[in-house]
Amino acid sequence: MATVHEDLTAQAQSWLAEDPDPETREELAGLVEAGDVEELAARFSGTLRFGTAGLRGELGAGPMRMNRAVVIRAAAGLAAYLRKHGHDGGLVVVGYDARHKSADFARDTAAVMVGAGLRAALLPRPLPTPVLAFAIRHLGAVAGVTVTASHNPPRDNGYKVYLGEGSQIVPPADAEIADEIASIGSLADVPRAGSGWETLGEEVVDAYLDRAASVLTAGGPRNVRIVHTSLHGVGGATVAAAFERAGFPAPVQVAEQAEPDPDFPTVAFPNPEEPGAMDLAFATAREHQPDLVIANDPDADRCAVAVPDPGADAGWRMLRGDEVGALLATHLVHKRARGAFATTIVSSSLLSRIAAAAGARYTETLTGFKWLARVDGLRYAYEEALGYCVDPEGVRDKDGVTAALLVAELAAELKERGRSLTELLDDIAVEYGLHATDQLSVRVEDLSLIADAMRRLREAPPATLAGLTVTSAEDLARGSAALPPTDGLRYRLAGEPRQGVTGARVVVRPSGTEPKLKCYLEAVVSVADASDLAAARATADRVLGGLRADLAAAAGI
């Protein structure tokens, strides 16, 4: 009977026999030679799961890592799915970022598509994910792939799939593609062309930039000074070109982070939401005194905004995604946008109030733009994780470049009237009530801790949180008429009229892309007038603090 070591060694040897990448072959051979059973077990304990986020994982050899062998199988499964659905000969557009191995994975994908009888076109260089989403619709492609791990750590990479409408895959397409991937046998059986795909020219980027500029009002104010960082990602040049084309002054780039660098040397996590990620941007802002700081994540599909705040340690305050979402919604209403306004179950309920006042249809979906993009008649969508879709006919996904343009336009219009984004947020709070949001996010090494927390909450749902009565405890895994099933819990809480609290809400869910348990908190406080704002914020802070503490205790985290 074979030992565990012998079994793992046999699996590794089989993998080595067909791995097309000399770097991962050398890596795996070293593990076999060293007899590193623990690491081999981690690499061969299963396979990376293909789902609605595609693939995402750490680079390295073996079926549980991102590598050329895994990508070739994924591409072959996607090609088989497309042919089965009548798209033989159709065009697949492939984009990629500047992470380690991204260009290799993109070329492998193109080679598999051509080998399968489809057409393939690579974007001309590492570019933001929104350019890929735009190119699918612009070129009439049947699908698209972008190779990116977005804001994940440097050691990761990923593989995101879009279908012909330019939006990310959802069930049942993800399961069907996963089944096709699972049916792939030896890599030797996957036809791969040595040539025959197209490399697109800069015309597709120009078309994207023209479309991005079209979201703005022609002839509107453009006098706004921006400091911008791309956090070592691929957004810097595209954002600079978009601002120039739209007529804004050139953003001041954070020099240390302006060029793509797959090692992300100045940040622990290349995500503007993470502690320390914006330190260099704020230092640059203190030097140049701009009106706003804008940051994109490494593939530039997200947009973060910071405003001057003398009371903050850095002199700047990061706006929450919900705040930017409300600002953009208000701006679009002012621009007489028509159509559905949508957000997700974990985002603030404020958008529903803004949409109702404007007579616009409001829709709520599960987390992720794969769901938001499918809202019928969509005009505007956002999610609290810094994702905004302001032009769904151009890019039916989150787009950090066009969002940055629209924020800049709003800031310029306000500046011309002697006002600021902060003052507009105050106006929104007075009109609709203060919708204060926060998040309890716990990163784990052991994923079983997340499952344990969800089990505790399901078995013993809290009756009160922050002193407020839980009026409903909804297990989202059961689904509903409005929402398909998902692993999550939603609590609605009664208000406390004597304190001005009109209600609160909590959503708990495992992250779909990171080893985190995320708890999304909202407290709504009535505001009589501007003089009442300070007291309302103090009340909201108290409620949010209570929600955090009580929820952590109930979940055991």
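Trainee: Which residues form one aromatic cluster?
Mentor: Phe-341, Tyr-380, Tyr-382 and Tyr-388 do. Rings of Phe, Tyr and Trp (its six-membered ring) pair if their centres lie within 6.5 Å; planes under 30 degrees apart count as stacked, over 60 as edge-to-face and the rest as tilted.

Trainee: What sort of model is this?
Mentor: This is a predicted model: local features need pLDDT of at least 70, side-chain atom pairs count only at pLDDT 80 or more, and totals for chains, interfaces and linings use all residues. Residues are numbered from 1 along each chain as its sequence is written, and side-chain values use heavy atoms, with hydrogens and water left out.

Trainee: How many aromatic pairs are there in the whole structure?
Mentor: Six. Take Phe-134 and Tyr-208: the ring centres are 5.8 Å apart and the planes are at 70 degrees, so this pair is edge-to-face.

Trainee: Where do Phe-134 and Tyr-208 lie?
Mentor: Phe-134 is in helix 6 (residues 129-139) and Tyr-208 is in helix 8 (residues 203-213), so the pair ties together parts 74 residues apart in sequence. Helices here are DSSP runs (H or I, at least four residues), as are strands (E, at least two), numbered from the N terminus.

Trainee: Are Phe-134 and Tyr-208 buried or exposed?
Mentor: Both are buried. Buried means under 20% relative accessible area, exposed over 50%, partly exposed in between (1.4 Å probe, protein chains only).

Trainee: New topic. Which residues of helix 7 are buried?
Mentor: In helix 7 (residues 173-182), they are Ala-173, Asp-174, Ile-177, Glu-180 and Ile-181. They cover an arc of only 125 degrees around the axis, so they sit on the same side of helix 7. The arc is taken from the directions from the helix axis to the C-beta atoms.

Trainee: What about the face turned away?
Mentor: That face carries the exposed residues Asp-179 and Ala-182.

Trainee: And what covers the buried residues?
Mentor: Helix 4 (68-84) and strand 5 (156-163) are included. Contact means heavy atoms within 4.5 Å.

Trainee: Last one. Which residues in helix 16 and helix 17 meet?
Mentor: Ala-453, Arg-456 and Leu-457 in helix 16 meet Leu-551, Ala-554 and Ala-555 in helix 17.
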